[in-house]
Amino acid sequence: MLGALLLVACQAEQAGEESPRAPRLPQPVAVEFDDQGRPMEHVLAAEQVVMRGNGEEPQTLDPHLAEGVPSSNILRDLFEGLATTTPDGRVVAGAAAHWDISRDGLTYTFYLDPAGRWSNGDPVTAEDFVWSWRRVVNPATAAAYGRMLAPVVNAEAVFAGRLPPEELGVSALSPTTFQVRLDDPTPYFLGLLTHPTTFPVHRPSYEAHGSAHVRPGNLVSNGAYRLRDWQIRARVELERNPHFRAADEVIVERVVFYPFEDVNSEFNRFRAGDLHWTYQVPNGQFRWLQRNMEQALMISPWFGTYFFSFNLTREPFRDNLALRRALNLAVNRDILTERVSQFGEIPTFNLVPPGLPDYDPPEREYQTWTQQEREAEALRLYHQAGYSEDNPLTVELRYNTSENHRRIAVAMAAMWKDVLGVRTRMVNEEFRVFLQNRAQRRVTQVFRSGWIGDYRDAFTFLELFHSGHGRNDAGYDNPSFDRLLEQIAAERIPSRRRNLMAEAERILLDDQVVLPVFIYVSKRLVDPRLVGWQENIMDQHLTRHMFLLREQGEQQDGAPVVPPEAAESG
Amino acid sequence: MIGYSIKRLASAIPTLFLLITFAFFLIRIAPGGPFDSERALPPDIEANLAAKYHLDEPLPVQYLRYLWQIARLDLGPSYHYLDWTVNDLIAQGAPVSFTLGGLALLVALTIGIPIGAWAALRQNRPADYSIMGVAMIGLSIPNFVMAPLLILLFAITLGWLPAGGWEFSPARMVLPVVTLALPMIAYVARITRGSMIEVLRSSFIRTARAKGMPEKEILFNHALKPALLPVISYLGPAAAAILTGSVVVERIFTIPGIGSYFVQGALNRDYTLVMGVVILYGMLIILFNFLVDLIYAWLDPRIRYDEQGA
């Protein structure tokens with residue numbers, strides 16, 4: 001019996017693998033819009049319920065405590081900050097209808113949309129924002145992402161407990177006018193307002209329920225959706241918030257976020273038709289997906305870089321620029337992305353990902369060379385650093401346990417061996433052990449890093465290498481680089497700021513602090529019926545912009561006219 | 001009997017105390033902490049977090065604080081799922097795991113015991129060999145292989161059953177219950193067969209046969225009861241394990257039970273959650289071993305827990 005089961009299962013898999021006919025994805029009707037840009041009634045599916053796979057169980061639905069993508073995805077549907085994003089990721093007016101920025105760039109005055117309502121019907125007021133932002137910086141809240149408000153006057157001192165939260169530079173000039181004062185002009189400040197940490201929390205609910213204010217039945221939110229149900233590790237279900245300021249533009253009635261601990265389970269649920277949107281796709285299935293589910297496979301550049309760092313405080317890399325550069329040049333990024341990671345990742349020599357509107361990444365001369373030229377130069381530098389075939393470098397490459405990281409590390413070690421003759425010892429560690437070792441800098445040599453930008457500005461990458469930054473695990477300590485960062489923070493003129501940032505990245509690359517490998521891509525499967533969303537580098541996709549199209553052959557009441565088999569053969 | 005029960009249950013307290021103490025210090029040895037992430041927290045915020053959860057106190061103080069908390073049946077806040085307490089998490093997850101595990105246990109016993117007994121009666125004949133052969137395969141296919149195969153076949157290729165997810169519906173429960181039950185059926189069948197063969201050879205069965213007792217009566221009234229003793233002793237710890245959920249089955253079928261808290265909790269350094277599930281598991285082991293001993297006395301007339309001793 002079991003043998004038969006195995007056999008059938010294998011055959012099923014093979015059939016999928018070799019069959020010219022792809023697994024049947026639902027085919028939508030063509031989308032049509034009316035003059036206001038809304039989809040026409042007759043193309044919409046009768047039931048507007050979107051089911052989204054959402055990675056891990058969200059750690060919290062309290063916007064001020066939240067960190068991590070799964071929480072943020074849900075919170076962006078539940079709440080709305082002063083600004084929000086369009087489907088293509090532009091920052092536009094949200095809870096604030098418009099705003100004024102003072103000439104010195106230090107004072108922002110936000111005029112709240114008078115139609116703004118909490119999900120219980122209360123108006124959203126400037127006082128709500130004042131109270132919420134004070135709560136974020138209050139040490140007792142222990143907001144993990146409280147740093148998002150660091151540009152605000154006195155924020156740092158309140159975090160550290162030196163000033164009371166009331167001293168934060170925010171005030172309510174009127175019930176609908178909210179003013180923020182900043183220490184330095186912060187060109188990316190508006191972008192921060194789409195981060196959950198800056199969202200408002202409904203004060204009366206918090207005061208009535210304490211930390212339980214986020215439970216279903218208690219949670220009052222100001223976004224397009226409100227919380228309907230939350231079963232831990234099973235589902236978070238939201239429904240349309242009828243009080244939302246733009247409620248009549250929201251088409252999707254309900255959205256259900258499903259947590260998945262296992263990527264293959266999510267994939268299976270998508271194949272079985274239980275999900276419209278997945279959080280990720282299984283690694284190593286790229287070829288199969290491309291062949292069989294191309295219509296659903298969505299891959300787009302993300303605002304993150306996969307790189308390795310050198311520990312600059314220990315041998316062999318301390319004061320050894322030639323060696324770091326040799327190892328950097330010997331790595332063939334094209335092979336790593338095309339043969340190893342395989343999901344259309346973009347090979348890179350830079351730290352800051354491309355795609356920023358106001359940033360021109362610096363280009364180093366070796367980026368224009370062929371790989372042979374780089375390898376020749378790598379070998380020359382390797383010898384210059386005092387290593388040779390008879391006296392090879394033995395280096396340790398450390399990464400956190402994961403199949404993908406392992407494959408990248410193995411391939412990189414092989415390249416070092418081929419080109420230079422380096423002997424690499426690979427060490428993999430459980431994630432938190434790895435983080436601790438990285439931070440302590442006592443045992444690491446070369447280690448995996450990676451960073452997804454917190455806000456849409458190059459500074460989110462550059463600041464990591466300030467000598468005092470908590471995640472400067474490379475131990476980079478360059479006073480002129482630190483000074484440059486401080487200059488960037490204080491610079492008001494966009495073109496000068498842009499030049500300073502490019503200069504900072506250039507220094508970082510010339511000092512060979514990191515070994516960039518590729519730009520991350522977001523990858524997911526999306527039901528062809530789900531439209532209204534677009535690719536964007538911050539990978540923010542608000543359900544309020546989406547809608548479900550009717551399936552071809554489906555009547556408006558939802559019943560299929562033709563049985564699926566007949567439709568398929570026809 | 002009652003006196004024995006009270007004694008047994010009272011002796012559970014020091015056992016649990018030792019378990020709590022060991023687990024508490026053991027998990028703190030692991031490097032890293034609950035609030036570490038790839039995003040470094042600024043030192044101020046890290047200090048604020050530590051203070052909020054009393055992680056800045058010396059370990060012995062934290063230990064005493066924890067004991068005092070447990071004494072009030074409060075398992076504390078989860079360090080990872082910030083909106084919930086460990087009591088909430090277990091209260092939501094345990095019924096799911098209990099339902100799933102209980103059903104799997106039931107299936108395993110109703111199938112495993114009869115086929116094991118039947119194999120014993122057909123010892124060394126084709127029926128015996130084929131049953132034990134299948135059982136061997138069932139035991140040696142791990143559930144992380146079995147579960148995806150079942151999903152591929154029944155959910156994706158045939159489309160008969162859901163691919164996972166949890167709600168109280170028979171269709172959703174079939175595949176996870178089967179996955180959990182298969183190796184148990186095999187195990188129960190093998191144990192039943194072995195002990196049944198032994199019992200059938202013993203002198204009291206020979207006597208019964210010599211007296212001319214009908215074979216059916218011999219089997220059901222005299223042979224089966226003692227033959228079940230090893231099954232029962234296997235069931236004690238096995239039931240505790242299966243009721244507290246299986247990490248693998250929960251992951252693959254996305255079931256919100258408590259099984260994955262043992263692993264996820266440890267990876268997240270969610271100290272209180274790990275402690276919570278460890279205490280629950282410990283209590284279940286103690287409880288089931290106690291029940292096993294009571295059932296022993298009922299099945300085997302030679303065992304009595306009275307004042308004279310066994």
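## Where the chains meet

Let's start at the interface: 44 residues from chain A and 47 residues from chain B take part in the contact between them, where two residues are in contact if their C-beta atoms, placed from the backbone, lie within 7 Å. On the chain B side, the elements giving two or more residues are helices H2 (43-52), H4 (86-121), H5 (126-140), H6 (143-157) and H11 (247-252) of chain B. H6(B) provides the largest share, with 8 residues. Helices (H or I, at least four residues) and strands (E, at least two) are DSSP runs, numbered from the N terminus.

By class, that side of chain B holds 27 nonpolar, 12 polar and 8 charged residues. Here Ala, Val, Leu, Ile, Met, Phe, Trp, Tyr, Cys and Pro count as nonpolar, Asp, Glu, Lys and Arg as charged, and the others, Gly among them, as polar.

## About the model

This is a predicted model, in which local features need pLDDT of at least 70, side-chain atom pairs count only at pLDDT 80 or more, and totals for chains, interfaces and linings use all residues. Residues are numbered from 1 along each chain as its sequence is written, while chains are lettered from A and ligands numbered from 1 in the order in which they are written.

The model scores ipTM 0.85 and pTM 0.87. Chain B has a mean pLDDT of 86, with 97% of its residues at 70 or more; pLDDT is the predictor's confidence in each residue, from 0 to 100.

## Chain A as a whole

Chain A contains 17 helices and 19 strands. Its C-alpha atoms fill a box of roughly 75 × 70 × 45 Å along the principal axes.
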